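Please look through the sequence and the structure below before reading on.

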Protein chains: 2
Amino acid sequence: MTTDRAAVTSLEEPSPDATRDAIADGIDRGALVTVFGRCTVDYEGRASSRLGAGDRLILCKPDGATLVHTDEGQQPVNWQPPGCEQEVYCDGGDVVLESARSTPEERLLVRFRDVLQVSAFAGSDETELTLSGTEADLRQRILDEPSLLEPEFRPLATERDTSAGAVDIYGEDAAGRAVVVELKRRRVGPDAVSQLRRYVDALAGDLHADVAVRGILVAPSVTDRADRLLSEHGLEFVSLEPTPETGCDD
Amino acid sequence: MTTDRAAVTSLEEPSPDATRDAIADGIDRGALVTVFGRCTVDYEGRASSRLGAGDRLILCKPDGATLVHTDEGQQPVNWQPPGCEQEVYCDGGDVVLESARSTPEERLLVRFRDVLQVSAFAGSDETELTLSGTEADLRQRILDEPSLLEPEFRPLATERDTSAGAVDIYGEDAAGRAVVVELKRRRVGPDAVSQLRRYVDALAGDLHADVAVRGILVAPSVTDRADRLLSEHGLEFVSLEPTPETGCDD
DNA sequence: AAATGTATATCGGAC
DNA sequence: GTCCGATGTACATTT
């Protein structure tokens, strides 16, 4: 998408040769190429998969990503990540699209029996997404107002390194005890509790054998099983959302 | 995609009214609709995001999913999951596509300044993907040949329930000790060790306070930190892949 | 390139 | 519906 003015080239029910050329040209020009048609899909790599004939929409992006979408689901039924090399050729009456990479070695093969439309889109997209309501927002909320966690909490570091990995927020409580804070932007299950536990254990070991380390999980809410795990391991929970709740007085 | 014969309807540089009608008709007919054009995107729900003007490809699936794809990345820059309600209308010279759902309440708003192509694809896709190299394959491998885990291992149950959740494989070793097996299809980090530890602790508690329970992690390999965690907690590791390695004598 | 943790993760299964 | 764990998770970040 490097041209100033967006442009589309599109063919309907093209011949195999025309399809191959249109896909190859689109890729060469750095366009986003779509193909709709009846195809089979084979994948071999981290796992392996086979998909029989059906009508699907294929996207080939200029960064080397390929997506095979059916009429259902948010996720592609098959794909190849950015950075892959594409190859397109005719085989018998079929058009074959191959996408491959190494590290890890993997290969996607889409074989089209019939192509109903092939399009190439060239445009420009300079804009970046701005996103809020993330874990980073939750961290900033606490750093801005540490009393949200508890009175007299003092943050000392973010991403503090321990032998078990980096702790989201490290600080001290009113009594000067070490506090490990694990942040989650949404309701959490057992995983998050185990993660917090690893950090607390590691920090206790890193500091001294007999130093008490508190662990506080911060999230909007926890599941029952996570709550039980927190209790079993002497960990604490503070309910907090990434962004302040909108007031009721609007 | 309910028609026997695949069909495409497509418009290039359509007017706003024609765009709105083409999108609405495609959705009504249960087609997979694509729109390429210059648009802004706003999302509000589990998080919130804003995306300025740029040329993008939008997919509207008959199951209610919406995807906004730029020319980069495997993932859509914005999306809405299956089950959403779509609405399309003109506002000034723009065409607006709204996609919303409740539980959780979230809303996606795509505002098109210019549309270069709108297409509706109707087809059929009865085929299911067959995938191999999954965790289920790894489990079956061990059930078929328990000695892959260790000599005289006896599987007793899969998905055995404990107070911490279901264990992948539960069995006994040669000495009659309880064994908890956690399976992973690929190289694992600290998460998997914590998960295994939760199950071992829970099962030990569920059975009796003084019963020894072995925990074995089965995966192709482990990271250094995970290996250290395994040692610290007296857990074991067996290297095994979901599918047998291809021999060297081919 | 490998490791680690987040995600508007998505998805499927169990309850 | 919620909960829980798998995923060819993808992705950014750091080492």
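DNA strand C is surrounded by 26 residues, the closest of which are A:Arg185, B:Arg46, B:Trp79, B:Arg187 and B:Thr223, where a residue is near a molecule or strand if one of its heavy atoms lies within 4 Å of it. This is a predicted model, in which local features need pLDDT of at least 70 and side-chain atom pairs count only at pLDDT 80 or more, while totals for chains, interfaces and linings use all residues. Residues are numbered from 1 along each chain as its sequence is written, chains are lettered from A and ligands numbered from 1 in the order in which they are written, and side-chain values use heavy atoms, with hydrogens and water left out.

Of the atoms of DNA strand C that lie within 4 Å of the protein, 85% belong to sugar or phosphate, and the rest belong to bases. Helix H3 (190-207) of chain A and strand S5 (78-80) of chain B each supply at least two residues of the surface near DNA strand C, and the largest share, 3 residues, comes from H3(A); helices (H or I, at least four residues) and strands (E, at least two) are DSSP runs, numbered from the N terminus. By class, this surface divides into 8 nonpolar, 8 polar and 10 charged residues, with Ala, Val, Leu, Ile, Met, Phe, Trp, Tyr, Cys and Pro counted as nonpolar, Asp, Glu, Lys and Arg as charged, and the others, Gly among them, as polar.

Turning to DNA strand D, there are 28 residues around it, of which A:Trp79, A:Arg187, A:Thr223, B:Arg185 and B:Arg186 come nearest. Sugar and phosphate account for 81% of the atoms of DNA strand D that come within 4 Å of the protein.

How many residues of chain B are in contact with chain A? There are 70, and they touch 70 residues of chain A, contact meaning heavy atoms within 4.5 Å. The area buried between the two chains is about 5400 Å², 51% of it given by carbon and sulfur atoms; buried area is the accessible area (1.4 Å probe) that two parts lose on being put together, summed over both. B:Asp71, B:Gln74 and B:Arg198 supply 12% of the area that chain B buries against chain A, more than any other three residues.

Between the chains there are 6 salt bridges, each a side-chain nitrogen of Lys or Arg within 4 Å of a carboxyl oxygen of Asp or Glu. B:Asp125 forms a salt bridge with A:Arg56, the closest N and O atoms being 2.8 Å apart. The largest share of the side of chain B that touches chain A, 11 residues, comes from strand S3 (residues 48-60) of chain B.
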